[in-house]
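Please read these points with the model open beside you.

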Amino acid sequence: MSISLVPDVLLPDYRAVTPDFLQVRGVTLLLCDLDFTLAPKSVRHPDEAVRAWIDSLHAAGVTVMIVSNNRSGRRVTDFCAELGIPYQGHAKKPGTEGLEKAMARAGKGNSETAMLGDKLLTDVLAAKRAGVLSLMVEPLGGAVGPWQKVLHALQAPAKALCRENTLRQGKKNR
């Protein structure tokens, strides 16, 4: 089975994922990475922008759950508790186990689920392998440290292909 590493949708940040954006795509379960997706890794508590965004999704009937590979469960647990959303830890992305457990907990299937993240080789690949819509964002706080910078630089070709595919689709739909 062939799996593409090109995200389905590339967005500037999580705030571009609106209730309307999800509704058009039939998404009622949004799985989110935490580190660099909803907050820089150094941020221990959700800010008002994240809280308002989560509230707007909940008001529209979208379930939001954090799916994280984070080894330190305390920060993620606290962050999610403050937002009032569930957390699926030890997700083992790019494996599908964490995404599948999260979907089962929410009672949702892959056709009504999207995965939002900032990393191609974990978040996007896990989404593709699980058969859910893959939404990729630029890392909040930027790529920090040499490894993060290399990792994000390596993602540039896949991002470029996603942009090209999006432009091609837009021209086709005119």
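1. **A charge over a ring.** Arginine 15 lies over the face of tyrosine 14, at 5.2 Å from the ring centre. A charge sits over a ring if NZ of Lys or CZ of Arg is within 6 Å of the ring centre and within 35 degrees of the ring normal. Arginine 25 is placed over the face of phenylalanine 21, with 3.7 Å to the ring centre.

2. **How to read the model.** This model is predicted: local features need pLDDT of at least 70, side-chain atom pairs count only at pLDDT 80 or more, and totals for chains, interfaces and linings use all residues. Residues are numbered from 1 along each chain as its sequence is written, and side-chain values use heavy atoms, with hydrogens and water left out.

3. **An aromatic pair.** Rings of Phe, Tyr and Trp (its six-membered ring) pair if their centres lie within 6.5 Å; planes under 30 degrees apart are stacked, over 60 edge-to-face, and the rest tilted. The count here is 1 aromatic pair. Tyrosine 14 and tryptophan 53 make it, edge-to-face, with 4.9 Å between centres and 65° between planes. The pair links distant parts of the chain, 39 residues apart. Tyrosine 14 is in the loop between β1 (9–11) and α1 (19–24), and tryptophan 53 is in helix α2 (residues 48–59). Helices (H or I, at least four residues) and strands (E, at least two) are DSSP runs, numbered from the N terminus. Both tyrosine 14 and tryptophan 53 are buried. Buried means under 20% relative accessible area, exposed over 50%, partly exposed in between (1.4 Å probe, protein chains only).

4. **Helix α5.** How many residues of helix α5 (residues 120–130) are buried? The helix is mostly covered, with 8 of its 11 residues buried. Among them are Leu120, Asp123, Val124 and Lys128. Glycine 131 follows α5, and its phi is positive, near 75°.

5. **Cysteines.** A disulfide is a pair of cysteine sulfur atoms within 2.5 Å. The count is 0 disulfides. Cysteine 32 is buried, at 0% relative accessibility. Cysteine 80 is buried too, with a relative accessible area of 1%.

6. Most residues other than glycine have a negative phi, and most peptide bonds are trans. Phenylalanine 36 is not a glycine, yet has a positive phi of about 70°. This phenylalanine 36 sits in the loop between β2 (29–32) and α2. Is phenylalanine 36 buried or exposed? Phenylalanine 36 is buried, with a relative accessible area of 7%. Lysine 92 also has a positive phi, of about 60°. Lysine 92 is in the loop between β4 and α4, and is exposed, with a relative accessible area of 54%. A cis peptide bond joins lysine 93 and proline 94, with omega about 20°. Proline 94 is in the loop between β4 (87–88) and α4 (97–106).

7. **Glycine 145.** This residue belongs to helix α6. Glycine 145 is partly exposed, at 28% relative accessibility. From C-alpha to C-alpha, glycine 145 and valine 6 are 24 Å apart in space, and 139 residues apart in sequence.
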